[in-house]
Amino acid sequence: MKTKTQTPAAMLEPAKTPAAKIFGVGSAGVSLLEVMNREEFAGAGFVAVNTDATSLAGSTVALKIHLETKLLRGLGTGGDPERGRAIAEEQFTTLKTACEGADVIFVVAGLGGGAGSGITPVLARAARETGALVLAFVTLPFVCEGNRRLQQAQQSLEQIKSVADGVICLPCQKTFKLIDENTSVLDTFRITDELLVDGVRGVWRLLTRPGLIQIHFDDLCALVRNRHSESAFASVEASGPARSREVVEKLLNHPLLEEGRVLAESDAVLVSMMGGKDLTMAEVGRVMEQISRHCERAQVIMGAAVDEALKNHLSVTVIAAKANGAMAMAETPMTTGYLDQPTGARGSARSASRCAPPAPPLTQEQREQVLARHGSGRARKTVAKMRQAQLPLAIISKGRFDKSEPTIHKGEDLDIPTYIRRGVALN
Amino acid sequence: MFDDSSIIVGLEIGTSKVCAVVGEQGADGALNIIGLGQARSRGVRKGEIADTTQAEEDVRNAVVEAEQMADVEIRNVYLGVTGGHIRGFNNRGVHPVVSADREISEDDVQDVIKNAKAINLPTENNVVHAIRQHFFVDGQDGVTNPVGMLGSRLEVDVHVVHGNTNRLQNAIRLVKGLQLEVDEIVFNGLASSLALLTSEQKELGALVIDIGGGTTDYVVYAGGVIRHTGVLAIGGDHVSNDLAYGLKVPLSRAEKLKLEHGCALLDGKIEGQTVTITNELGLPLKTINVEHLQRIMSLRLEEIFQLVAQDLEQAGLFDYLRAGVFLGGGGARIPQIAKLAEQVMQMPVSIGQTNSISGLKSALDQPEFFTAIGLVKFGSFKTRKREGKPSLAQGIKGALGRFLQRP
C-alpha cells in the first residue's frame with residue numbers, strides 16, 4: 001500500500017529532517033494557512049485546497065488546488081460534505097500527486113462545512129497512500145452553528161480518524177472558556193485559529209528543530225498511530241526566571257486539558273519543550289517531573305530542543321492521546337449520528353477501531369448522481385441509515401455528593417468510590 | 001457571680017453531628033468539661049453548610065442540650081471550621097528593628113507578625129490562623145521570645161491557615177443568627193491536635209489525623225510548633241456512599257452496615273461470610289458479602305492515608321514525626337484503622353487520647369468529640385492569655401460589664 005516508505009536506514013540518518021507539507025482544506029483551512037504562512041514554518045510546502053474560488057484567490061500560498069467541476073457551476077459545495085467528497089474522489093489523483101514527496105502531511109481544516117468535512121477524509125486517504133504520516137488538525141464547529149453542521153463535522157471526524165494516523169481535534173466550543181463576554185466574534189475566531197496553529201507549530205518544531213533530547217519521527221508515529229481518538233493538546237509559553245513553573249501552571253489551567261483531567265486520563269503523552277539557547281537541563285527536569293506526576297498511567301515521550309528565535313522563552317507543547325474513544329464521546333454533545341452510506345470494509349492494515357470506516361470510493365455513476373443533485377433544485381437527502389448512538393459509558397452516580405462541589409485531587413474525582421477508580425473487581 | 005472560673009464553649013458543626021462542649025476553667029487554669037450536647041447534623045456536606053435552616057436547628061438542639069447538662073447559659077462559642085477550601089502554608093516575615101538601643105520591643109514583635117501575615121492571598125480568602133513558629137534575630141535561629149533581646153533584624157516564621165471568606169462566614173452567620181457570639185473561629189484540625197497532643201509529643205513531632213464525617217483534617221507538629229496543616233474533603237460519608245454504591249443498598253442502610261460490620265483491614269476469617277439485611281418486618285431483603293463490604297471500605301480508607309502521606313512527603317515532614325501518628329474523629333472508631341494507617345505510613349499509629357483535661361468521662365473518651373474538646377482548650381489558652389495580667393481598671397470594668405450584662 002505504501003508506495004514510498006521510510007526505510008530504517010533512512011531514519012538513522014541524523015541530519016535528515018522529514019519533509020512536510022501542510023494542507024489547508026476548505027475556507028477555514030485556507031485561512032489557517034495564512035496564519036501559518038510565516039517564517040517559522042519555512043521549509044514546509046503549503047497547499048491550499050478548496051472548492052470555492054474566491055477563498056483561494058485571497059490566499060498567498062504557492063500551491064493552490066481548486067477542486068472544480070462544471071456541475072458545481074463555480075459555486076462552492078453549498079455546505080454539503082457529500083458533494084465535497086464526490087469532487088475530491090473525482091480529483092483523487094490530483095490530490096495524491098500534491099501529496100507526493102512528503103514524509104509528514106499536516107491537514108488543517110474546519111469541519112462542519114462542505115469542503116472541510118467532505119474533502120479532508122479523502123485527502124487524508126490520498127496522503128496515506130503516498131506513504132506519508134498524516135496528522136489532521138481539525139476544528140469542530142461551535143454549538144451555536146447548528147446541529148446539522150455539528151453532525152456533519154462529527155461524521156467527517158470519524159472518517160478522518162479511520163484514515164489519518166493522528167487526529168488532533170479542537171472543538172471550538174471549548175474556546176468559550178478562553179473568552180469573556182466582551183470578546184468579539186473576530187477575536188474568538190482568531191483565538192481558535194491561534195490554538196490550532198499552536199498545535200501544528202508544536203509538532204512542527206518537534207520535527208524540524210535540532211533536539212537536545214530528540215523525539216524521533218518514529219516516536220511520533222508510535223504515539224499517534226492506533227490511537228484513533230481525538231487527542232487533546234495544549235501549547236503554552238512563558239518567559240522569565242520562573243518560566244518552568246509558570247509553564248506547568250499554565251498547562252494545568254489550560255482549558256483544553258480540563259484542569260489536568262485529560263492528562264490523568266490519557267495513556268500516551270508527548271511533551272515537546274522548546275527553548276532558547278539558555279534552556280537548562282534543570283528546567284527540562286522540573287517540567288517533566290510535574291507533567292509526569294499528572295499522568296502516572298501514561299507512556300510519556302519527551303523531547304527538548306533549542307530554537308534560537310525563542311530568546312528567553314520556554315514553549316511546551318503537550319499532546320495527550322487516549323487509546324479508546326470514551327473521551328471523545330464525552331467531549332462532544334452528539335448523541336445520534338447518521339451514516340449516509342452503509343459502511344464498507346476497507347483494505348486497511350490498521351486495527352479496526354470503533355470508528356466507522358470511511359465510505360467506499362464512489363463510482364463514476366454515483367458521483368454524477370451526487371453532483372447532479374445540485375442542479376435538481378432542493379437537495380434530497382440520501383436514504384439515511386440510522387446508526388445506534390453511543391452514549392458516554394458508565395456514568396457513576398455520586399450519590400450523596402451529587403450536588404456538592406467535587407473533590408478533585410490531581411485530576412481524580414475522589415467522590416467516586418476508590419474501588420471503581422482503581423478498577424478493583426468485586427466478584 | 002464573681003467566681004474565678006470562666007465558661008468556655010466549643011461548637012463544632014460537623015458533617016455527621018453538631019456538638020457543643022462546655023468547659024469550665026478554674027482559677028488555676030485547669031480545664032474541666034462539664035457539659036456536652038450533640039445533635040445529628042443534616043445540613044452539612046463535606047464540612048460545609050449546605051442547608052442553613054436544618055443546620056440552624058441542629059445547632060440549636062446541640063447548644064440547648066449542652067446548656068441543660070452544664071447548667072449554664074451559653075453566650076459565646078469557639079467555632080470550629082473546616083472544608084476543602086482551607087489551606088495552610090508557611091511564610092516568613094521580616095522587620096527591621098529601628099529603635100536607637102536596638103532592643104526588640106513588644107511592638108516590633110507585633111509588626112513582624114503583621115508582616116508575615118501580609119501575604120498574597122486571593123482577595124476572596126481570609127486568614128483563619130497565623131501561628132508563629134520561630135523567631136530569628138539577625139539570622140539566629142530558634143528564638144521563641146525575642147522581646148528584650150538586641151538585634152537589628154527580626155524575622156519570624158508563621159504558619160498561615162486560610163480559607164474562603166464567604167464559606168467561613170456562612171458558619172459564623174448561622175451561629176450569630178442564634179444569638180450566640182463567636183469568640184473566634186478555629187480550624188478543626190488544629191483543635192483536635194490541641195486536645196490530643198502533649199507538649200512533649202509536639203516537641204518530638206507528631207501527626208494528628210482527624211477523620212470526620214465529611215472531611216479529614218490533619219496537622220503536623222514538629223519541634224513544638226505547627227509545621228503543616230491540610231484538609232481532605234473525604235471522610236466517613238464517602239465510605240458510606242461507596243458502600244451504598246458498591247453493595248447497592250440505600251445510604252442509611254450502608255451507614256448501618258458500616259457501623260456493624262465495617263473494618264479497615266480485611267481479616268482472613270470473613271471469607272465468604274455474608275449478612276442478610278432485613279426490612280422493618282424482619283423479612284430478608286438482600287444478602288451482602290462482608291468481604292466486599294470490607295474491601296470497599298478498606299480501599300477508601302487506605303486512599304485517605306495515602307493522600308495524607310503523599311502530602312507530607314511533598315512537604316518533607318515524614319522524618320520529623322518521631323512521636324508517631326494520632327487518630328481522632330469518628331473515623332478513629334473503625335476497627336483496625338490504626339493498623340491500616342501503620343501499614344500505609346510505616347510508623348507507629350495510635351488512637352488519640354485527650355490529656356490534661358478532666359470532667360465528663362463520657363465525653364473525653366470518644367474520639368468524635370476531640371475537636372470540640374480541642375476548641376474548648378483553644379478557648380482556655382485565649383482566656384488565660386487575656387486574663388493573664390489584668391490591670392485594676394480593666395478588672396473592675398470587666399466585672400462591672402459582666403454584672404451589667406446579666407439580666
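Here is a short chat about the structure above.

Biologist: What kind of model is this, and how is it numbered?

Modeller: This is a predicted model; local features need pLDDT of at least 70, side-chain atom pairs count only at pLDDT 80 or more, and totals for chains, interfaces and linings use all residues. Residues are numbered from 1 along each chain as its sequence is written, while chains are lettered from A and ligands numbered from 1 in the order in which they are written.

Biologist: OK, chain A. How many helices and strands?

Modeller: Chain A has 15 helices and 15 strands.

Biologist: How many residues of chain A touch chain B?

Modeller: Chain A gives 15 residues to the contact, and chain B gives 21. Contact puts the C-beta atoms, placed from the backbone, within 7 Å.

Biologist: Which elements of chain B give two or more residues there?

Modeller: Those are α6 (236-247) and α8 (290-315) of chain B.

Biologist: New topic. How do α1(B) and α3(B) cross?

Modeller: The axes of α1 (residues 52-70) and α3 (residues 165-177) of chain B come within 10 Å and cross at roughly 55°. Axes are lines fitted to C-alpha atoms, for helices over the stretch in contact, with angles from 0 to 180 degrees between N-to-C directions.

Technical notes. Contact = placed C-beta atoms within 7 Å. Helix = DSSP H or I, 4+ residues; strand = E, 2+ residues; numbered from the N terminus.
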